[in-house]
Amino acid sequence: MRIDKFLWCVRVFKTRSVSGDAVRLGKVLMGGLPVKPSRDVKEGEEITIKRHGFDESLQVIAIPKNRVGAKLVCELIKNTTTNEQLQKMEFLRLARNITRKKGLGRPTKKDRRDLDDFSL
């Protein structure tokens, strides 16, 4: 099975086009090297996905015939991400929650002063 289709089937990416774009942009590595979307995936291979500031590692256990439900994903892939990368992911997740919520509009004068105090 093609790597772009595989990553979509095991729900790593929401759509197949997003999966293909990630592979084309070099965010998906196999053996430390970027691959093309047409690259075939085999059982036992290691896939590294560059996400927002951290690297997620997956090991292929089995190849699905079609897109699978979320409960069946754990039977097809194994997350082999290092503890260092998991801590980095958690830190980035917490940092994202500190920032201002989207859609609240322009910051008020108080918000600006709070940001100035925070950065000092």
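These notebook entries record what I looked up on the sheet and the cysteines of a predicted model.

**Entry 1: strand order**

I first traced the sheet. Its 5 strands form an open sheet in the order E2-E1-E3-E4-E5, and the pairing is antiparallel. I then asked which strands stand at the edges. These are E2 (33–34) and E5 (77–79); each has a single partner strand, so one side of each is left without a neighbour in the sheet.

**Entry 2: pairing around E1**

I followed strand E1, residues 28–30, to its partners. E1 runs antiparallel to E2, and 2 bridges join them. With E3 (residues 46–50), E1 pairs in the antiparallel sense over 3 bridges. I noted Met30 on both counts: Met30 stands opposite Leu33 in E2, and its bridge partner in E3 is Ile47.

**Entry 3: the E3 and E4 hairpin**

I next examined E3 against strand E4 (residues 55–60), and found antiparallel pairing over 5 bridges. Thr48 stands opposite Ser57 in E4. The hairpin of E3 and E4 has 4 residues between the strands, and I recorded that Gly53 takes a positive phi near 95° there.

**Entry 4: cysteines**

How many disulfides does the structure hold? I found 0. A disulfide requires cysteine sulfur atoms within 2.5 Å. For Cys9, the closest cysteine sulfur is in Cys74, 16 Å away, which is too far for a bond. Cys74 is accordingly in no disulfide, the sulfur of Cys9 being its nearest at 16 Å.

Technical notes:
Residues are numbered from 1 along each chain as its sequence is written. This is a predicted model: local features need pLDDT of at least 70, side-chain atom pairs count only at pLDDT 80 or more; totals for chains, interfaces and linings use all residues. Side-chain values use heavy atoms; hydrogens and water are left out. Two strands pair if DSSP finds at least two bridges between them.
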